[in-house]
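User: I'd like to go through the labels on this model one at a time. Tell me what each rests on.

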Amino acid sequence: MRNNEKFISRSNLILILAFPLIASLIVFYYNKTLGAVGILVCIILFFFLKNINSTRDKELQKYVDNISFSFDSITKNVVFEMPFPIAILEENRKIKWHNSFFRDLFPNHKLIGESIDSIIPDFAEIEFDNEEIKQSQNVNIADKIIQFYYSTIFNEGDDSNQTFLYGIDNTYDESIKKLFKAKRLVFYSVFIDNYDDLRNSAQSDQRAQVLGEIDRVINEYFKAYDCLIRKYENDRFMIISEYQDYKEIRDDKFSILDKVRDISKGNSIPPTLSIGVGLAGEKPSDIYSDSRDAINIALSRGGDQTVVKLEDNYEYYGGKTKAIEKTSKVRSRVISQSLKRMMESSPDIYVMGHNNPDMDSFGSALGVYEGARSINKRVYIILNEVTKPIENMYARVIDELSELKDNILTEDEALRRISSQSLIIVTDNHRKNSTEGPKLLDMTDNIFIIDHHRRGKDYIKNATVSYIEPYASSASELVTEILSYLDENFKARTAVAESLLAGITVDTKNFVYQTGVRTFEAASILKRWGADSVYIKRMFKDDFEIVKYKSEVIADSFIVEDFIAIAHFNREIDGSTLIASQAADDLLNIKGVLASFVLTRANNKIHISGRSLGDISVQLILERIGGGGHLTAAATQLEMSMENAEKMLRKAIKEYLREEEENESNTNR
């Protein structure tokens, strides 16, 4: 049909004939013969034009039918001849039709009538009829990677549907991606944790041999993986590898940590390494920066471990040994003077521990409060509630320290007073959401952290100073050391000294766990300040109800994996977490039990207290489910049912023990 052939619509036809018809009617009024002839001509013209329209309408329909036929024919030929694997699936996911390219992918399968899930198992989880989810799926077939797309067509007539499935060979692109990833740079910052102590512990004639052996082991290990190794300080190395070699080192679980720890060349203490790995940055400078961030976390977690910084997370390897106590107190003295300068330059100071405070949290906060007060600073303690573990200590200090009650604020009260120049000191905690006042940390960048827990991934990132020493028994021990260097004439009031000693006592379980020389030195300082051990013993006395509840928990306990005790305290009462933690300690007294976990309800959450004798790291177990702490003492909180929390805990225990078993049976090349 030619483009210049036009059609006359019904409305246009009426308009065309309207004028001659009206004229004929007027003529008919004056001359009936001429008027009748005019009307007759209009009628004949109407049917003539209508007939033309009808003929051309049929021609148009024929033209459209020809186009549709041609299009259908072209579509069918294109579908059959397209160089892509194509299949049509019925509603029941069975293959209704496929082209030759699809068949060639599966030469040994009968395809028609078979479920697509049995041919391509990767499709089993895909809902083809879900209109909200449209995605592609990479499928490995023989030596090819095919990216399949799908589109589901719905037939409203019989409420059925069919799925059109087609794939594109993506093998080359994926191989390029794989090669790019394999050749990506990985940076390792490697520190010898205890270099100075090693030098001092070895005899002068053996010192060079010990340090030389460490260098030899490090070089041989990383050279075996084709790494570039550069030693830029006596105790520091920068190492670079490709990602494909990093994967082998990771699969080896960084056994270099064990190799170095086993070095014995006259040294009285074992050498340990900390390794920070960066691999997610876009530029070499970013990757290097990530490795530095990771090494800082490894060191703050006590060393003897590897921390790998991913894009938005961290992976940890090692860290299964107790942090070695540092003999030098130089850093403690430097930190003390730094804290003093920051306090002197701040208009007011806010001290807080962790939520659901215990004696170490509140006791260390009281110690910092006393130090700030000694230099005549306006200082407040943030405390939202007096929990069962601290009620005896709280009652004592409120009674003994007359001004203290007016200087204890809730988070909301502190938010109305704090300014951007204020100083916040966080004790016994380094995780923002675990503090008594998370919102306060957004009000100022002047933040000072004093903690003894191994650093986790959700640490307070904008802290000015982070004094995190996992070797220490408690935050109270660290605060006591800091106070002793604050001023040569400083002496804490008796109630504060006893609170600090109580904090040390509760975290060391009466000076049994995580106790070093510096722990006893801190205790002796507190004794000189007037702390009474007998009074602290009274402070630890439990109510009859608590003793009874602990007995119930122990009676309810059971053993998993032959040497781990799990128990429940299925009551939400004041002091439920205290009961859980004390019961976990008591479970370690059972013969054959190496670690214990007690689950309880607290603040509409499930709280888990973990304890061990040191052979098992409860910290690494509970870190898998969002917790943290120490090798021998850790905890976490979960928003779920008691049953689901126990399932998560059991899974974390199994994963930890499986990794331990793999490490023991690992054969190094």
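User: What makes strand 6 and strand 8 a pair?

Analyst: Seven bridges join strand 6 (residues 185-192) to strand 8 (residues 236-242), and the two run antiparallel. Two strands pair if DSSP finds at least two bridges between them, so seven qualifies. Phe187, for instance, stands opposite Ile240 in strand 8. As for the numbering, helices (H or I, at least four residues) and strands (E, at least two) are DSSP runs counted from the N terminus. Before we go on: this is a predicted model, where local features need pLDDT of at least 70 and side-chain atom pairs count only at pLDDT 80 or more, while totals for chains, interfaces and linings use all residues. Residues are numbered from 1 along each chain as its sequence is written, and side-chain values use heavy atoms, with hydrogens and water left out.

User: How is strand 7 linked to strand 8?

Analyst: By a hairpin, through two residues. Strand 7 (residues 228-233) and strand 8 also pair in the antiparallel sense over five bridges, with Glu233 opposite Arg236.

User: How do you know that the length of helix 12 fits its residue count?

Analyst: The expected span is 1.5 Å times one less than the number of residues. For the 16 residues of helix 12 (residues 359-374) that gives 22 Å, and the end C-alpha atoms are 22 Å apart, so the two agree.

User: What caps the N-terminal end of helix 12, and what follows the helix?

Analyst: Asp358 is the cap: one of its side-chain oxygens lies 3.3 Å from the backbone nitrogen of Asp360. After the helix comes Asn376, which has a positive phi, near 60 degrees.

User: Why is Ser476 called buried, and which side chain does the side chain of Ser476 contact?

Analyst: Ser476 has a relative accessible area of 0%, and buried means under 20% (exposed is over 50%, partly exposed in between, with a 1.4 Å probe and protein chains only), so Ser476 is buried. This residue lies in helix 15. Its side chain makes a polar contact with the side chain of Asp360 at 2.7 Å; the cut-off is a pair of N or O atoms within 3.5 Å, one able to donate a hydrogen and the other to accept it, and residues adjacent in sequence count only if both atoms are side-chain atoms.

User: What makes strand 14 and strand 17 edge strands?

Analyst: Six strands form an open sheet in the order 14-13-12-15-16-17, with parallel pairing. Strand 14 (408-409) and strand 17 (465-468) each have a single partner strand, so one side of each is left without a neighbour in the sheet. Within this sheet, four bridges join strand 12 (residues 349-352) to strand 15 (residues 423-427), and Val351 has Ile425 as its bridge partner.
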